[in-house]
Amino acid sequence: MKKALVTGCAGFIGSHLTQRLLNDGVTVIGIDGFIDNYDVAAKLRNLAEIGKHPAFTFHSTTLQTGRWDSWLENVDAVFHLAALPGVRNSWGKSFADYVSHNILATQELLEACLQRPKPPVIVVSSSSSVYGTMQGIVTNENAPLRPVSPYGVTKEAMEQICSVYVKAYGLPVTMLRYFTVYGPRQRPDMAFHRFFRQMMKGEQVIVYGDGQQSRDFTYVTDAVEANLLAAQHAVPGDIFNVGGDREIKLIDVLSIMGTLMNLTPRITYQNGPAGDSLRTCADIQFAQQRLGYKPKVTLEEGLRHQLAEIRSQSKG
Ligand code: UGA
């Protein structure tokens, strides 16, 4: 791969992926619309280092206002991470924005790629939220999709529109279902980011529900690796679970965080906003077999990296 397009390059996973591509010698066109789901300053920080790289060109715009012909020129692979994320804010009037950013923008990208003389490989970011609350021991990609949030509905529809373009035109699209990604630069609305900051300030940690919900938390560089492997080895139409080292209850993560910070978290339990899955647990066999994907970073190690980043920011 010589040249890649990364949508959502100023976001959490997008900025890590862009950094990795540049380190690997790939020329990167980055697009980010700076949609106001969180602080612009945080996104600018994510771009600080990559922005200086000579092989990086940045376009600050949403995909819906796209200049696809110039963005896609000589591009071998598109990594589509731009989205309106977050399960808990997708209710009410916001749903229209979720539809626009997650479904309509993706369809525009697919159309634009289809018009190219040789369409690039397209790796699309989906989410474990398409499954809803998981049953059984682990969940593979053929499990029924029963989202429990409007966000999950938009991610399911996004996958469906991608699959339609694969079936009708053979467009080389593959989809990755990430399982709650964490690590440095994690979005400020996400649990670990909030918990670390609350504990550092000596505040109560706000846990939604009873803390017994579980996740297959995935470290960000493992999610990045899955993107690169998918661009190389996936077959058009493939969908992969991208999970972490193990399933764990939220309450048990808090205890690891407490140990790392040498304190006992003070917890307030609150009724959570609707839309929360009670359990996610990834079967990653398909990604292992087809892509050679294997999560490398344990939860303990990943949490140490995230804590170090949050500490260094609070000093700076
Ligand atoms: C995350 C992302 O926000 C979604 O964009 C993504 O699609 C999804 O993962 C996925 O991988 O499918 P979520 O699992 O809700 O969604 O991630 P967190 O925000 O880190 O929340 C994890 C758990 O902590 C949830 O049960 C949540 O209710 C809880 N939580 C979150 C709290 O108890 N307190 C908080 O302050 C924040």
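According to an unreviewed UniProt entry, residues 4-243 carry the annotation "domain: NAD-dependent epimerase/dehydratase". In the predicted model examined here, that span is 37% helix and 19% strand, and its end C-alpha atoms lie 24 Å apart. The protein chain as a whole holds 10 helices and 13 strands.

Turning to overall dimensions, the C-alpha atoms of the protein chain fill a box of roughly 60 × 45 × 40 Å along the principal axes. The radius of gyration is 19 Å, which agrees with the value near 20 Å that a compact globule of 316 residues would have. Of these 316 residues, 47% are buried. Among contacts between residues at least 6 apart in sequence, 83% join residues at least 24 apart.

In soluble globular proteins, nonpolar side chains tend to be buried together. Here the largest nonpolar core comprises 85 residues, of which Val-123, Ala-226, Ala-230 and Val-242 touch the most other members. Helix α7, spanning residues 220-233, gives the most to this core, contributing eight residues. Val-242 makes contacts beyond its neighbours within four places in sequence, and its partners include Leu-176, Phe-179, Ala-223, Ala-226, Ala-287 and Tyr-293. Arg-177 and Thr-218 are also among the partners of Val-242.

The ligand, finally, has 20 residues around it, and Pro-85, Ser-127, Ser-128, Ala-191 and Tyr-208 come nearest. By class, this shell is made up of 10 nonpolar, seven polar and three charged residues. At least two shell residues come from each of α6 (191-200) and β8 (205-208), with β8 providing the largest share, three residues.

Notes. Residues are numbered from 1 along each chain as its sequence is written. This is a predicted model: local features need pLDDT of at least 70, side-chain atom pairs count only at pLDDT 80 or more; totals for chains, interfaces and linings use all residues. A residue is near a molecule or strand if its C-beta atom, placed from the backbone, lies within 6 Å of it. Helices (H or I, at least four residues) and strands (E, at least two) are DSSP runs, numbered from the N terminus. Ala, Val, Leu, Ile, Met, Phe, Trp, Tyr, Cys and Pro count as nonpolar, Asp, Glu, Lys and Arg as charged, and the others, Gly among them, as polar. UniProt positions are given in the numbering used here, feature names are shortened, and annotations may be inferred rather than shown by experiment. A nonpolar core is a set of buried Ala, Val, Leu, Ile, Met, Phe, Trp, Tyr and Cys residues joined through C-beta atoms within 7 Å. A residue is buried if 20 or more other C-beta atoms lie within 10 Å of its own, exposed if 12 or fewer, and partly exposed in between; C-beta atoms are placed from the backbone. Two residues are in contact if their C-beta atoms, placed from the backbone, lie within 7 Å. The radius of gyration is taken over C-alpha atoms; the globule rule is 2.2 Å times the number of residues to the power 0.38.
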